[in-house]
Amino acid sequence: MNTSEWIGRKVAGWLPTGKREGGASVSAAEGKPDGRAAKPAASKEAQVRSSRERLNATLRQKEEALSPRVLRRTLTELQAIVDPSVSEVEGGKRARGVAQWYTKATPEQRQDCWLLMSEQFAPDASKVKAAREQYEAAVGTPDEGVAEIRLRKALVSPRTRLLQRFAAFPEGMRFLVDLRQELMPALKSNKRLLALEAELENLFTTWFDVAFLELRRISWDSPASLVEKLIKYEAVHDIKSWGDVKNRLDSDRRCYGFFHPRLPDEPLIFVEVAFMDEIAASITPLLDEAAEAVDLSRATTAIFYSISNTQQGLKGVSFGDSLIKRVVETLRADFPKLKTFATLSPIPGFRAWLNKNAERMLEATPEKVRTQLGRAVGFEPVTAGHVLSALDQVPTLPERSALRQWLLACAAHYLGKELSDERPADPVARFHLGNGARVEQINWAADLSSKGIKQSFGLMVNYLYDLRRLDRHRQGLAQGRVPVSDGVERLYF
């Protein structure tokens, strides 16, 4: 029997339901032949058991997908993957067999597999304790380096080896990224899974380092399957038709993505770029399929108007700033006249934030402006409820409207002063400001789509990437000072 057959037969035996070889049917409760039913569950719901408790038990409880007997068999197969006596190739083949079973398993069965991987492949606690004590005793002595190495080795878990062998077979990286995506929503209700999720994130940070990623241009001439993925993953401005996507990939536009060699046909993140002779203040002309093509030889400004991450399983793995830097380098080489690099970005958290903080912002509003607001909405003294109700008329507000000026001031405060855990409160602002950009200008009625109105009353913002000041802006942000232009600063109350 070759390795693949051996794995297939072993893995098939894990399933707690269905048919085994020879046609014998298996019960769902204990993997026993029909007619030998498991004992009924206790009337009171039992406490959730750890995988260690379940492995030592005889019967499963009603909320558990795999019986103790099948769970033990599953653990044996996972341990066989990291058996030190087998080669990397053999370990990868065994991991592939497990992955094939996993793809057919139910969500509950998959969660049992996660629990085993998380709890049964942890570092040896006694070795970690001994190594830590040796390191603490060696600090400041010539043996400190040796003790540090021992501690590092003790902290390497068998779980790391297990996941590395899953990554060894061709589809393994795709399997692990999808596994983490499915795993993450379960973390709030099951803290026992945190170790597995953290291990995956740590490995992905290394495996998906920008040094291993390829920057590729995506154009209308790219394979149809790749263009379809852009339509699927576009997260900022929905692509409505093939004409829409053709406009975004036309000869006077650019789209670039980062690709990993183990996921060659999947962009990990992509950015869409338009060329202009000034900073864009509205998304409408950029998405206008009937607009005339731009003369690239005369363009001075590159506008990044959509940046989309495509793999939720890689959440926390940052390569967006590197993407923008690489794209800027590429554009400058191809179009030497480009001098300005800026975004036209949504403000996705603004409306929800203002709905909660309108009263606080009114209290910070100068008395004279509050009086003008009261007259504008028809209620004096004006309240947060009055203002929020009046903001439904945002698209029609004239330029000198007190309500319009107040909303812009609130947006400037939100982007330039509102911090959460010492970072910008808005997720898009957090990304661009963390990359060294600054808040350049806030644009009125820049996105009047239903999504734009729902997120930010139609406002959008330009973040400017001044290549000479990126490091200075990052340092200022680390000290709690959000970099903003003079124009945005003047909007503050």
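**Domain, rings and core**

Mentor: Over residues 211-466 the chain is 39% helix and 18% strand, with the end C-alpha atoms 24 Å apart. This is a predicted model.

Trainee: Which annotation covers residues 211-466?

Mentor: The unreviewed UniProt entry gives them as "domain: Malonyl-CoA decarboxylase C-terminal".

Trainee: What's the mean pLDDT of the chain?

Mentor: The mean is 90, and 91% of the residues reach 70 or more.

Trainee: And where does pLDDT stay under 50?

Mentor: Over residues 16-46, although the model has 46 contacts there beyond four places in sequence. Where pLDDT is low, the predicted coordinates should not be read in detail.

Trainee: On to the rings. How many aromatic pairs does a search of the whole structure find?

Mentor: Ten. One of them is tyrosine 102 with phenylalanine 175: the ring centres are 5.1 Å apart and the planes are at 80°, so this pair is edge-to-face.

Trainee: Which helices do those two lie in?

Mentor: Tyrosine 102 is in helix α4 (residues 88-104) and phenylalanine 175 is in helix α9 (residues 172-183), so the pair ties together parts 73 residues apart in sequence.

Trainee: Tyrosine 102, buried or exposed?

Mentor: Buried, at a relative accessible area of 4%. Phenylalanine 175 also counts as buried, with 10% relative accessibility.

Trainee: What about phenylalanine 204 and phenylalanine 208?

Mentor: Their ring centres are 5.7 Å apart and their planes are at 85°, so they form an edge-to-face pair. Both phenylalanines are buried.

Trainee: Which residues form the aromatic cluster?

Mentor: Phe350, Trp353, Tyr414 and Phe457.

Trainee: What sits over the ring of tyrosine 492?

Mentor: The charged end of lysine 417, 4.3 Å from the ring centre. Elsewhere, arginine 216 lies over the face of phenylalanine 259, at 3.8 Å from the centre of that ring.

Trainee: Changing topic: how many residues are in the largest nonpolar core?

Mentor: It has 109. Among those with the most contacts inside it are Leu78, Phe204, Phe208 and Phe350. Two of these names, Phe204 and Phe208, came up above as an edge-to-face pair.

Trainee: Which helix gives the most to this core?

Mentor: Helix α18 (residues 402-416), with nine residues.

Trainee: And what is leucine 78 in contact with?

Mentor: Leaving aside neighbours within four places in sequence, leucine 78 contacts Val98, Cys113, Leu116, Met117, Phe121, Leu162 and Phe166. In soluble globular proteins, nonpolar side chains tend to be buried together.

Note on methods: Residues are numbered from 1 along each chain as its sequence is written. Side-chain values use heavy atoms; hydrogens and water are left out. Rings of Phe, Tyr and Trp (its six-membered ring) pair if their centres lie within 6.5 Å; planes under 30 degrees apart count as stacked, over 60 as edge-to-face and the rest as tilted. Helices (H or I, at least four residues) and strands (E, at least two) are DSSP runs, numbered from the N terminus. Buried means under 20% relative accessible area, exposed over 50%, partly exposed in between (1.4 Å probe, protein chains only). A charge sits over a ring if NZ of Lys or CZ of Arg is within 6 Å of the ring centre and within 35 degrees of the ring normal. UniProt positions are given in the numbering used here, feature names are shortened, and annotations may be inferred rather than shown by experiment. A nonpolar core is a set of buried Ala, Val, Leu, Ile, Met, Phe, Trp, Tyr and Cys residues joined through side-chain atoms within 4.5 Å. Contact means heavy atoms within 4.5 Å. pLDDT is the predictor's confidence in each residue, from 0 to 100.
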